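Please open the structure in a viewer and keep the selection panel at hand.

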Amino acid sequence: MAISTLSPASSPNFAVRFALLPLTVAALFLSAALLFSVQPMFTRMVLPVLGGSPSVWSVAMVMFQAVLLAGYAYAHALSSCASIRRATVIHVALMVIAAAFLPIALPGNAALPAGEGSVMWFVTIFLMAVAVPFLAVAGNGPLLQAWFARSQHAAGEDPYHLYAASNIGSFVGLLSYPLIVEPNFGLVAQSSLWSLGFAVLAVLIAAAGITAGQAQSKAIVARVASAAPLALRRVCQWIALAFIPSALLVAVTAHISSDIAAAPFLWVVPLALFLLTFVLTFRKTPLVSSEVLHRLQLAIIGIVIVVRSFSLTLDIAASVLLDLLALFIAAMSAHAALVALRPQKERLTLFYLSMSLGGVLGGSFTALLAPLLFSSIAEFPITLLLCLATPLILAPPAWTKTGKSLALGIVIGGVIVSCLYAFPDITGPRREPVLLLGLVMAVMSFVLLYRHMLAALTVAMALLAGEAWLSPFHGKAESVRSFFGVHRMVASADGRFRLLFHGTTLHGARQVKDSAGAIVKDAPPTMYYHQQSPFADAIDSVRRRKAQFSASIVGLGAGALAWYGRDQSDWRYFEIDPAVVDIALDQRQFGFMSPDDRRKISVGDARLTLTSLGDGSQDLIVLDAFSSDSIPTHLLTVEAMSLYVRKLAPRGLLLMHVSNRNLELASVVAANAGVLGLTGARRLSASDDFENTYRAAADVIALARAPADLDDLIQRAQWWSLVPLDGVKPWSDDYADLPAAIYRRLWSGR
């Protein structure tokens, strides 16, 4: 039998034909999973130090995205300048260097940040702890695909479908962290597991690189070297088509979290759908045509815009599903357009680099720039309009047709807006037929204009402009936006109460008029803080022991608790959001506090600002930061509670407000109290004719060092001794189990 003497360059060997593809897929999958799990893991490490300050979230996002872009640039440069074998040696060497930074942890000698130095501290710690390992993982996607494309493997002519394996890994890494990893492993164990995965990845990459290098095609290398430069217009198209869905992803997440239902982990769902669109579009054969996707996008986004413009009220679940559907279809449309414009494999790494740049720009626009520019989630309708422009980016209209499309859109949009907002009694009985007529006209317009995308875009702009500037409902609410969300101050339906909303959570209320419409002055607090509330009980209990007492209130809201401290000289307030401070001190809003109280307020994360208090100095500490849907878990750990106890005076009370729509937190406080040797009492009050009084139900736990310190509360009606719940572990800076807290809330039915 003759033995083949064909060289690797002309005939791939057995390993290349049968091992290269599974090795590449496995490396891509593991790399993406590690990439999407290290981000929440490292941020969790920093939270106990920097807390929920803007520095953590904004700088973390910018840093991770910047290093991801650097990883793609590194992959592009390496694949352009080195053979597969040489590139394998260089990249494995980088991973060996990165291994010296493992396991990922905060440096032991890191000084705690103070004041304005927090941002630079975070950047320094990021560079020291995670930047190099993250960079070594970030470039693997395009690099492995480029190696595969330059081999003589049969599937190497179209390597883009391998991107699906990478995004499946991202999908798994994203969902597994909050659902599996975080509930079952502390941060130290998580870091060790990540290091183990990194070592396995290094072996897979070395094996894939050596295997691909055995059959590197000289012809393909020559084609890469001699390929003509790409037109700048094409690169700009890639960047724009990546910018739009990335911007919409962050905008939809912010819109859902701020305007509809800010349930914990809800951000995972939009991101998971976003990743799924990559899996579905980067295939050898498309699932649906671009024309079908454009029609679906026009229909879905048209409905979202109509619902928004007509101020139609949908069920929360329907609103969330509609927004998620718009994100999914729009991302599918943009990513399908990217696939349609993908270059030959010689330009693969440049293609992914351009996509990464567009993603960074899109995410930065909505996450960092929009909160500075807009007082509401205005980036959501803006990105919807950008999505409608996707077909125009893919195939720009001829100049001869542009004028006609614009004119058609202006006429149709003007007629619809006129029907909506030209009637003086739009809020009266004629509102229903007018809205019905406008709704039918708008939907028909979007359906009929699917071949005139510029006209459809113009109609959408007219509708959103009408909603923003002409709607009779515009301007009835004052809106203030900070990095922590949108705060709205509105009047109740009957005009008797002033209300403070953070997203959809009602955080404060005060009566300003009586039932006859007369002005009410110095009204007592409502909501959780009314005069028969658990808060009033606890404050009265401390006051009975000591007429003048010191108190620290964490979480300001409308400033309602300050009403109880008007006769006290040593009350201090701790709030992380400067916008909330301004609202609480604004006499036009709620008036529980005076402008002179600003000197009593410390702005920043409580884990940092409370350290300024003297040990044993506080008779009462109130933690009122957990009623929102996204809670600062680092304020609810054993380490955090030990800080509070250290600041308590003898016989002092620690009051924990654990009312929450989505999380059961009382058992966590009980478990932590057991570790710290504290005794507790709990009261779960009922709402008192909420629609007329705005007195809300409150779940409050009082903790003290000795049972005798709680005798006064236990003797009162509705207070009972705090009993730990079996199976609930204490939370620490290393461990927190939010999914279990969500499950307990669902199971309890409250």
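Begin by selecting helix H27 (residues 738-748), whose buried residues pack against H7 and helix H24 (666-676). Helices here are DSSP runs of H or I with at least four residues, strands are runs of E with at least two, and both are numbered from the N terminus. Packing refers to contact, meaning heavy atoms within 4.5 Å. The buried residues of H27 are Leu 738, Pro 739, Ala 741, Ile 742, Arg 744 and Arg 745; buried means under 20% relative accessible area, exposed over 50%, and partly exposed in between (1.4 Å probe, protein chains only). At the N-terminal end of H27, select Asp 737, which caps the helix with a side-chain oxygen 3.3 Å from the backbone nitrogen of Ala 740.

The model is predicted: local features need pLDDT of at least 70 and side-chain atom pairs count only at pLDDT 80 or more, whereas totals for chains, interfaces and linings use all residues. Residues are numbered from 1 along each chain as its sequence is written, and side-chain values use heavy atoms, with hydrogens and water left out.

Next, select helix H21 (residues 578-585), where six of the eight residues are buried. Their cover includes strand E1 (478-482), strand E2 (485-491), strand E3 (497-502), strand E6 (571-575) and strand E7 (601-603). Asp 577 caps the N-terminal end of H21, with a side-chain oxygen 3.0 Å from the backbone nitrogen of Ala 579.

Now turn to the salt bridges, each a side-chain nitrogen of Lys or Arg within 4 Å of a carboxyl oxygen of Asp or Glu. The whole structure holds 22 of them. Select Asp 522 together with Arg 510: their side chains meet in a salt bridge (3.4 Å, N to O). Asp 522 lies in the loop between strand E4 (505-511) and helix H20 (534-545) and Arg 510 in strand E4, so this pair ties together parts twelve residues apart in sequence. Arg 510 counts as buried because its relative accessibility is 6%.

For the last stop, select Asp 712 and Arg 544, whose side chains meet in a salt bridge (3.6 Å, N to O). Asp 712 lies in helix H26 (residues 711-714) and Arg 544 in helix H20, so the pair ties together parts 168 residues apart in sequence. Which residues are linked with them in a network of salt bridges? Asp 537, Asp 540, Arg 683 and Arg 716 belong to the network alongside Arg 544 and Asp 712.

Technical notes:
Polar contact = N/O pair within 3.5 Å; in protein donor to acceptor, adjacent residues only side chain to side chain.
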